[in-house]
Amino acid sequence: MLSRATIRARTTASACLLCQWRSFSVSYQRLADKTPSPQTTKPTTPASTPASAPDAASKDAAPAATASPIEALRESGPLANAPRAYGKALDTFTPTHLSRPIGMHNPPNPGENTGIDTRTLQQKRDDFVNYDKHLKKREILKSKISRPYFRDWRNMQFHKGKTFLAPPRLFKADLSLYFPNLHGRTLAKDDAAKVADTTPLLEGHCSVVTVFSSMWAENQIRTFVSPEANPALQSVLKQSGGRAQLVQVNIEEDAMKAWLVRLFMGSLRKKVDKDDWKRYFLVTKGITDEIRESIGLLNSKVGYTYLVDHNCRIRWAASGDAEGDEKKGLVKGVQRILDEMTKEGVGKNYVRKTAAVPELKAGEAVAAQ
């Protein structure tokens, strides 16, 4: 039998061997060489540690800074009190006339808002490891997930979804804002016009642009532009000699619905004149929140009608069904823009002016002509 003294002696010997192995081990020597580096940085760690909190706060504030233009439109824009698919739900709402122009501040250019990712593999890799861009994408996903699905349908109870009333007169040309470039597939069969942008089509023309996303919305815009509801408008378009036109934009962001629309494009061609096939757009991508807030597309179930001049500026706009003198106002607006084009000598070789419009203050109203 082993005595207690023998056990203690063997334990002490093993402990000494363990200490010797640690002292002569190469791996522990390497760790010992690295220990002075944290000690040298110890005086700076207290300053860097509290500095990390402001950095995190600045990263959280970065998405808010990029979203500030949209927030400004929601809070102080001409449609600040209109119901939306997000935000606080409204119990009552009465649409009012547009007091200020709506649209984008920068002129549109072909190739914008296509929704196509043109980044290279290196750029995608750099964006993937960029923490700030991840935070921005996170905020976008959070805003989309938090939107109630049936909010647009619920907002239809307010005057059949009418977001705003048309202005009584055209907005001044030098203060009007721009209609954005939209990219989509047309009804044309030739490859050159099958996929096109709206900006080259709108330049040099007086355009009545209708935007809709459902059958309900399409029936609403028909109260403005159909031959049965507004024959005076059709007469002006035919007598303009091609200077005035009707452009239809069908927005279908749902992939399945867009596929069904493309499947039945043959039936759509039967409803639209052959000369107007290139003026019917099916847009599936590129409609951002900034575009919706800027031009007033606040309800996807409502149809919107815009009067765009030869400089791609929105001079007049309406939503929902035509009420009161809105149809007459649209016809007078088309005639007014045609007169302006005649005075300016706008022809086939027209070159659009690309001057940006400065942002207006929240309380500053724009006089109409």
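Trainee: Which residues are closest to its centre?

Mentor: Leu 246, Gln 248, Lys 271, Val 272 and Tyr 280, out of 34 lining residues. Lining means having an atom within 4 Å of a point. This is a predicted model, where local features need pLDDT of at least 70, side-chain atom pairs count only at pLDDT 80 or more, and totals for chains, interfaces and linings use all residues. Residues are numbered from 1 along each chain as its sequence is written, and side-chain values use heavy atoms, with hydrogens and water left out.

Trainee: Which elements supply at least two residues of that lining?

Mentor: α11 (215-225), α12 (231-239), β4 (244-251), α13 (255-263) and α14 (265-271). Helices (H or I, at least four residues) and strands (E, at least two) are DSSP runs, numbered from the N terminus. By class, the pocket lining has 14 nonpolar, nine polar and eleven charged residues. Asp, Glu, Lys and Arg count as charged, Ala, Val, Leu, Ile, Met, Phe, Trp, Tyr, Cys and Pro as nonpolar, and the others, Gly among them, as polar.

Trainee: OK, new topic. What's in the largest nonpolar core?

Mentor: It has 34 residues, and Phe 179, Val 209, Val 249, Tyr 306 and Ile 314 touch the most other members. Such a core is a set of buried Ala, Val, Leu, Ile, Met, Phe, Trp, Tyr and Cys residues joined through side-chain atoms within 4.5 Å. Buried means under 20% relative accessible area, exposed over 50%, and partly exposed in between (1.4 Å probe, protein chains only). Elements giving two or more residues to this core include β3 (206-212), β4 and β7 (314-319). There's also a second, separate core of 31 residues, with Leu 187 and Val 261 among them.

Trainee: And how many cavities of 30 Å³ or more are there?

Mentor: Two. A cavity is a set of grid points where a 1.4 Å probe fits but cannot get out. The largest has about 50 Å³ of space, and its lining includes Val 211, Arg 292 and Tyr 304.

Trainee: Is Cys 312 buried or exposed?

Mentor: Buried, with a relative accessible area of 1%; it is found in the loop between β6 (304-308) and β7. Lys 160 counts as exposed, at 52%, and is in the loop between α8 (151-155) and β1 (183-186).

Trainee: Where does pLDDT stay under 50?

Mentor: Over residues 40-54, which have one contact beyond four places in sequence, and over residues 56-67, which have eight. Contact means heavy atoms within 4.5 Å. pLDDT is the predictor's confidence in each residue, from 0 to 100; the protein averages 79, and 75% of the residues score at least 70.

Terms used
1 Å grid on protein atoms, 1.4 Å probe; cavity = no way out; pocket = protein on both sides within 12 Å on 5 of 7 lines; lining within 4 Å. Points joined across faces, edges and corners; volume = space filled by probe spheres on them.
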